[in-house]
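Please open the model in your viewer and keep the selection panel at hand. The stops below are meant to be taken in order.

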Amino acid sequence: MCIEEQKLVDKFTEENRISDIKFMYTEGISPEKIAKGTKLTLEKVKKILEIE
């Protein structure tokens, strides 16, 4: 896979991950549990949830 293809895959994966995190939050899962389950920092999860 060339570098440009990998960048597209990475962008797609990141966009899906963000929408998944937002969905989990709307279903009542706390940011702390989301961070633990996704292995992201709590700060990163909170930053994602602040956007939009």
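What follows is a tour of helix packing and of the core.

The model is predicted, so that local features are taken only at pLDDT of at least 70 and side-chain atom pairs only at pLDDT 80 or more, while totals for chains, interfaces and linings use all residues. Numbering runs from 1 along each chain as its sequence is written, and side-chain values use heavy atoms, with hydrogens and water left out.

Begin by selecting residues 31–38, which form helix H2; helices here are DSSP runs of H or I with at least four residues, numbered from the N terminus. Within H2, colour Pro31, Ile34, Ala35 and Thr38, which are buried, that is, under 20% relative accessible area with a 1.4 Å probe, protein chains only, where exposed means over 50%. Seen down the axis of H2, these buried residues fall within an arc of 100 degrees, so they line one face of the helix; the arc is taken from the directions from the helix axis to the C-beta atoms. Turn to the other side of H2, and Lys33, Lys36 and Gly37 are exposed.

H1 and H2 pack at an angle of about 140 degrees, with axes 10 Å apart, where axes are lines fitted to C-alpha atoms over the stretch in contact and angles run from 0 to 180 degrees between N-to-C directions. To display the contact (heavy atoms within 4.5 Å), select Arg17, Ile21, Met24 and Tyr25 of H1 with Pro31, Ile34 and Thr38 of H2.

Now move to helix H3, residues 42–50, which packs with H2 at about 115 degrees, the axes being 9 Å apart. On the H2 side the contact is made by Pro31, Glu32, Ile34, Ala35 and Thr38, and on the H3 side by Leu42, Val45, Lys46 and Leu49.

Finally, which residues make up the largest nonpolar core? Select Ile21, Ile34, Ala35, Leu40, Val45, Ile48 and Leu49, 7 residues in all; such a core is a set of buried Ala, Val, Leu, Ile, Met, Phe, Trp, Tyr and Cys residues joined through side-chain atoms within 4.5 Å. H3 gives the most to this core, with 3 residues. Centre the view on isoleucine 21, which, leaving aside its neighbours within four places in sequence, is in contact with Ile34, Thr38, Leu40, Val45, Ile48 and Leu49.

Technical notes. Helix = DSSP H or I, 4+ residues; strand = E, 2+ residues; numbered from the N terminus.
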